[in-house]
Structure formats: structure tokens, C-alpha cells
Amino acid sequence: MAEVAHLPAPDAAPPEERPVLVVDLGGQYSQLIARRVREARVYSELVSHRLSADEIARRDPVALVLSGGPASVYAEGAPELDPRVFELGIPTLGICYGMQLMARDLGGAVERTDASEFGKTELTADESELFSDLPSDQTVWMSHRDSVTAPPEGARVTASSPTTPIAAFEDPARRLYGVQFHPEVVHTPHGQEILKNFLYEVADAPPTWTPAAVIEEQVERIRAAVGSERVLCALSGGVDSAVAALLVHKAVGDQLTCVFVDHGLLRENEAEQVVETFGGHFQVPLVHVQAQRRFLDRLAGVSDPEEKRVIVGEEFIRVFEEEAAKLGDVRFLVQGTLYSDVIESGGAEDGVAAKIKSHHNVGGLPEDMRMELVEPLRLLFKDEVRRVGEELGLPERMVWRQPFPGPGLAIRIIGEVTEERLAILRRADAVLLEEIRRADLYRSLWQSFAVLPAIRSVGVQGDERTYAYPVVVRAVTSEDAMTADWARLPYEVLEAVSSRIINEIPGVNRVVYDVSSKPPATIEWE
């Protein structure tokens, strides 16, 4: 695979922003904290607890948030923080483990108590900066065994629960704050308001992280990096590549060429929508490659899902490689890398974002090509990408398009992929989505789709025996696809879907609904 040079990643936040640094101490909600800060329209980044005080000071953050963590602060090998960080004068909020670490390092006490807290807990808060204009009695989400039993000298206790006398403390003189509960989770109803009090009132962080600001900043950065060179984008039809392409096109115009490969495994009318949106509505230079036949030929006789994935991936690389070669000298490649990708590639070894360095599988480049990546989304989470897409005028159907696997319908047919089965599944999926949209449920679902097992069952239609395919309906709710729950679709919606599929699609005589959650199942069947 070709070596790929990256556009220089900024050492600091965008020029107009001083970041809130979320220090990852190994907690399961670390990434969620960074997202909640951004939801308050303040730019944040997730960083390693291994950063020294000097490294943090060079970033000039407007505030620090110390995450939770699974360990005890006294456990061997537990995450540590350079204690000089607390001397920098930066407004700092410690959450759960972060609060305990702060208390211990500043002379307070942390102990394993008899009563641990997990789940919803009633909290009583005093008047303070974090709880300003909030009810004194509120519900919060706790998850801890250790507790702070003595606050640091100079700190005042500001909240308690029935089993945790020190559930929050603050030291305004040193601008240090701690909460034992998790304000970032939805189970703490006033949690976002507590975070906003810290960001706006304590840290004086300006709420300027908006889609319009992101677009303006990225357009300037792309222009500076690309200059007059040509740029190539592999357009999949998904929101990430679509938004990345529009940002680059806004910056450099016709210097960008998008390549859209139709492998024949897309949903009904999907290819036409992509071509119309980019070639027509946005006037983005677009190469539309009709490659359906070659993909179907390669998949003939293949039933193993992993083999399908490999075949589709390899064939896409070959097609993209051929089209890239036709375009001549192209220096830059657009990639829809998200901030979550950056975090994961940086924290694979130790579970935290130790070093932010992405390892990209560019895939479609010949060995002798050298292309530099343009990654306009590498600072954004998925929900932020969607808001930027809306700001750029991307149609709602593309902005809120549910996740769709790269191999497409090939891995939603359980068995060999044939033209007949693709036609049945494509139509069944279209019927399902039509009814989901009619019921105004599309945006509330993470994914909803049809699956076609390559088996047949007996049925009765028109007083005659049938032997036809079943269609499986799958619909799930999720925040991040790491876990998912099956959606409790209304019976009338399921009835409409079943009736239409059986009556409108020849070769189908049965519809079933998948009521499995993830885990133990996965969202996709293959």
C-alpha cells in the first residue's frame, strides 16, 4: 500500500479557540465528557493523563476536566497526574476518580468505605458556583467504591448524598472543583447545567464552537494546505465522506474530483440520490463508476460473510485505483476521519488517548503514489459532522442517513448474493424505511433494515402452498453502536411493514422481527 503523508495536525486548537482538555484517566465516559463539553458549544479535546504540567501549559487550555476511572487511586499502576498541574491556575473539574485524585494529591483523604454507590442517587447541594441556579435536591448518577473522606485544605464541601458526605467540593481561590457523581451521563438530569456552570461561570469559556465556525476555520485551513493542487475524494454516499467532500469543495472548488463507485449493493435509489446531490445540486465534479457487474461476478458462489467483505473491499480498491490513475497527477486525498477514529487509534495500547496519531487504511492507492491526506472532520464527532452537514445544505436524507455497511446488501443476504435476492432485499428494505419514515421513527432509530436469509419456508397465499423466502426486520436504538437495544416498534408499524412486504414482493411469504440486543447479538447479521 502507498505511503501516505498527512497534513500537519495542529498542535493546538483552532486559532480562535483555547481548548478544554479532558484528561482521560481510563473512565468509560471519558469520550462522552468531551462530547458534552462540545454540546455546550465549547471546543474540547481528549488527552492522556501522561501529559506533563509543562505540556498542558503549552496548550493554554481554558479549563481542564479530569475523567473518571475504574481504579482506586491507591491501586498499583493506577493512572496518575503530574501534581504540578494543580498549580497552573487553570480551572479544573475532577469527576469521580478525577475528584479523588485531586483530593489525594492536594492533601485530602480518599478511603474505601463500607457503602459504595452505583446508579441513581439523591444529592443535596449547597449554594455554590457549580450548583448555581439549580435545585438543592436532585438526582445524580454514582459509580464508585472509594470516597473522599477529607477535602483538600481550603476546599469547601458543597454536596452530599445519603452514603457519601463529600459528594462535591470546591476551592474557588485555586479554581479547583470536584464532583463524585457523573454529570456527563443522561441519568444525571441537571448534569449538563452543572458542566455549563463550570464552563461559563468558572472558566469563562466562550460558547463559540458552532458549525459555522467549524466550516470557516476548516475552509481556511484546507486552502492554506492544498493551494492550487488537485484533490480526490472517494465518495461512499455516507454522511462522513459527503460532508468532507463539501467542505473541501467549498475551499478549493473544481480542484476537487469525487469518485463514486456503484457496486450494485446499495439500497433502492441510493446511487441516484448521491449523483443528483453532488453532480446536480452541489455541482461538485463527480466521476460515477458503474461497476455492478464486476462485483456480482466476483461474489458468485460465495456465502461466507468474511469472504464477501474481503471481495467487496478488494474490488472497490481496484476500481478506485483505475479511476484515480485516469485523473492524472492528484496530490491530495480527502478522508472522512472522525475524532473518535483519532482517539481510538491513539489509545489502543493503554485504553487512553495517549498519543493522537491515526493509522489510516487508505486502500485505493497504487504502491508508487504519494498522497497527502485532507481530513477536515478529524476534530469532529459524528453528531457534529451531521450539524456541519446541515449548515452546508446537505439534504436531510443524507445528513441523517442511518449507518450502512461498506459491503452493503451483500452482508444482509445470508448466503450467496444473486440478482434475484438483491432485488427482493432492496425492495423489502425500501418498504421498511418508507413505513419507518411514515411513522416518524427514522431519526429515533440508530438503524433499521431488512435481512434476507437464503432459506425458504412453507406458506399459503391465494389458497395455494408457497415455498418462499422469509424477510427479517431489524431495528435498534443506540448511542454509539457499541451496545444496542432492539427497538420497541409499534405493532401497527410492524403490521404495515409485514403486510406490504408479503403482498408487494414476489418470493416472500413470511416476515419476522429480530428482538435481540447487542450484546449478545450484533447489530448487523453478518
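Helices (H or I, at least four residues) and strands (E, at least two) are DSSP runs, numbered here from the N terminus. The model is a predicted one, in which local features need pLDDT of at least 70 and side-chain atom pairs count only at pLDDT 80 or more, while totals for chains, interfaces and linings use all residues. Residues are numbered from 1 along each chain as its sequence is written, and side-chain values use heavy atoms, with hydrogens and water left out.

Positive phi values in residues other than glycine come next. Cys-96 has phi near 55 degrees and lies in the loop between strand 5 (92-95) and helix 3 (97-105). With a relative accessible area of 4%, Cys-96 is buried; buried means under 20% relative accessible area, exposed over 50%, and partly exposed in between, using a 1.4 Å probe and protein chains only. For Asn-269, phi is near 65 degrees, and this residue sits in the loop between strand 12 (256-262) and helix 7 (270-281). Asn-269 is partly exposed, at a relative accessible area of 45%.

Now for the interior. A nonpolar core is a set of buried Ala, Val, Leu, Ile, Met, Phe, Trp, Tyr and Cys residues joined through side-chain atoms within 4.5 Å. The largest such core has 90 residues, and those with the most contacts inside it are Val-243, Leu-256, Phe-278 and Leu-394. Helix 6 (residues 239-252) gives the most to this core, with 10 residues. Contact means heavy atoms within 4.5 Å. Leaving aside neighbours within four places in sequence, the contacts of Leu-394 include Val-239, Val-243, Phe-278 and Val-399. A second, separate core of 36 residues includes Ala-40, Val-62, Met-142 and Leu-195.

Leu-452, in strand 17 (residues 447-453), is buried, with a relative accessible area of 1%. Leu-452 and Tyr-469 are 17 residues apart in sequence and 7.4 Å apart in space, C-alpha to C-alpha. Beyond its neighbours within four places in sequence, Leu-452 touches residues including Ile-413, Ile-424, Tyr-469 and Val-471.

Finally, the helix pairs. Two packed helices are described by the angle between their axes and the distance between the axes. The axes of helix 13 (residues 419-438) and helix 14 (residues 491-504) come within 9 Å and cross at roughly 150 degrees; axes are lines fitted to C-alpha atoms, for helices over the stretch in contact, and angles run from 0 to 180 degrees between N-to-C directions. Helix 13 is therefore roughly antiparallel to helix 14 (under 35 degrees counts as roughly parallel, over 145 as roughly antiparallel, 65 to 115 as roughly perpendicular and the rest as oblique). The residues of this contact divide into eight nonpolar, no polar and six charged; Ala, Val, Leu, Ile, Met, Phe, Trp, Tyr, Cys and Pro count as nonpolar, Asp, Glu, Lys and Arg as charged, and the others, Gly among them, as polar. For helix 8 (residues 292-299) and helix 9 (residues 305-326), the axes come within 10 Å and cross at roughly 150 degrees. The residues of the contact of helix 8 with helix 9 divide into six nonpolar, no polar and seven charged.
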